[in-house]
Amino acid sequence: MVEITNADLPESLFQKMEGPVPIETFKSNGCSNAPDEFGGVDLRPACHFHDWAYLLGGCKKDRKRADQQFYRNLRACDLGKFMAGIYYR
């Protein structure tokens, strides 16, 4: 399993992400059962932020918010609408 930290992510993409910012020591596994890159687009920042939001937990509404942020973060990484929708689902 690959472990990803904030320091492993491109600063330009990291700054575009929305949602709770992962702490420096947090390690995620990237996009889990999907590629961390698609069509030359680095998706690790979106997946890393999503993993952090899920780790924080919360109610069903919090998870829905995290999923919506995940979709917008995928788009911020320049993933197209169609593939962002696939990852979102």
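Reader: In this predicted model, at what angle do helix α3 and helix α4 pack?

Author: The model is predicted. Helix α3 covers residues 60-76 and helix α4 covers residues 81-88. Their axes lie 9 Å apart, and the packing angle is about 150°.

Reader: Are α3 and α4 roughly parallel or roughly antiparallel to each other?

Author: The angle between α3 and α4 is about 150°. Angles over 145 degrees count as roughly antiparallel. The relation of α3 to α4 is therefore roughly antiparallel.

Reader: Which residues of α4 make the contact with α3, and how many residues of each class does the contact have?

Author: On the side of α3, the contact is formed by K64, D67, Q68, F70, Y71, L74 and R75. On the side of α4, the residues are K81, A84, G85, Y87 and Y88. Sorted by class, the contact of α3 with α4 comprises 4 charged, 2 polar and 6 nonpolar residues.

Reader: How are α2 and α3 oriented, roughly parallel or roughly antiparallel?

Author: Helix α2 spans residues 44-56, and its axis comes within 9 Å of that of α3. The two axes cross at roughly 170°. Since angles over 145 degrees count as roughly antiparallel, α2 and α3 are therefore roughly antiparallel.

Reader: Which residues of α3 make the contact with α2, and how do the residues of this contact divide by class?

Author: From α2, the contact involves A46, C47, F49, H50, A53 and Y54. From α3, it involves R63, A66, D67, F70, N73 and L74. By class, the contact of α2 with α3 has 2 charged, 2 polar and 8 nonpolar residues.

Reader: Which residues touch the most other members of the largest nonpolar core?

Author: This core contains 19 residues. The residues that touch the most other members are L43, L74, C77, L79 and Y87.

Reader: With which residues is C77 in contact, leaving aside its neighbours within four places in sequence?

Author: C77 is one of the core residues that touch the most other members. Once neighbours within four places in sequence are set aside, the contacts of C77 are L13, M17, V41, D42, L43, P45 and A46.

Reader: Which elements do the buried residues of α4 pack against?

Author: The buried residues of α4 are M83, A84, G85 and Y87. They pack against α3 and β1.

Reader: Does A34 count as buried or partly exposed?

Author: A34 lies in the loop between α1 and β1. Buried means under 20% relative accessible area. Because the relative accessibility of A34 is 26%, A34 counts as partly exposed.

Note on methods: Residues are numbered from 1 along each chain as its sequence is written. This is a predicted model: local features need pLDDT of at least 70, side-chain atom pairs count only at pLDDT 80 or more; totals for chains, interfaces and linings use all residues. Side-chain values use heavy atoms; hydrogens and water are left out. Axes are lines fitted to C-alpha atoms, for helices over the stretch in contact, and angles run from 0 to 180 degrees between N-to-C directions. Helices (H or I, at least four residues) and strands (E, at least two) are DSSP runs, numbered from the N terminus. Angles under 35 degrees count as roughly parallel, over 145 as roughly antiparallel, 65 to 115 as roughly perpendicular and the rest as oblique. Contact means heavy atoms within 4.5 Å. Ala, Val, Leu, Ile, Met, Phe, Trp, Tyr, Cys and Pro count as nonpolar, Asp, Glu, Lys and Arg as charged, and the others, Gly among them, as polar. A nonpolar core is a set of buried Ala, Val, Leu, Ile, Met, Phe, Trp, Tyr and Cys residues joined through side-chain atoms within 4.5 Å. Buried means under 20% relative accessible area, exposed over 50%, partly exposed in between (1.4 Å probe, protein chains only).
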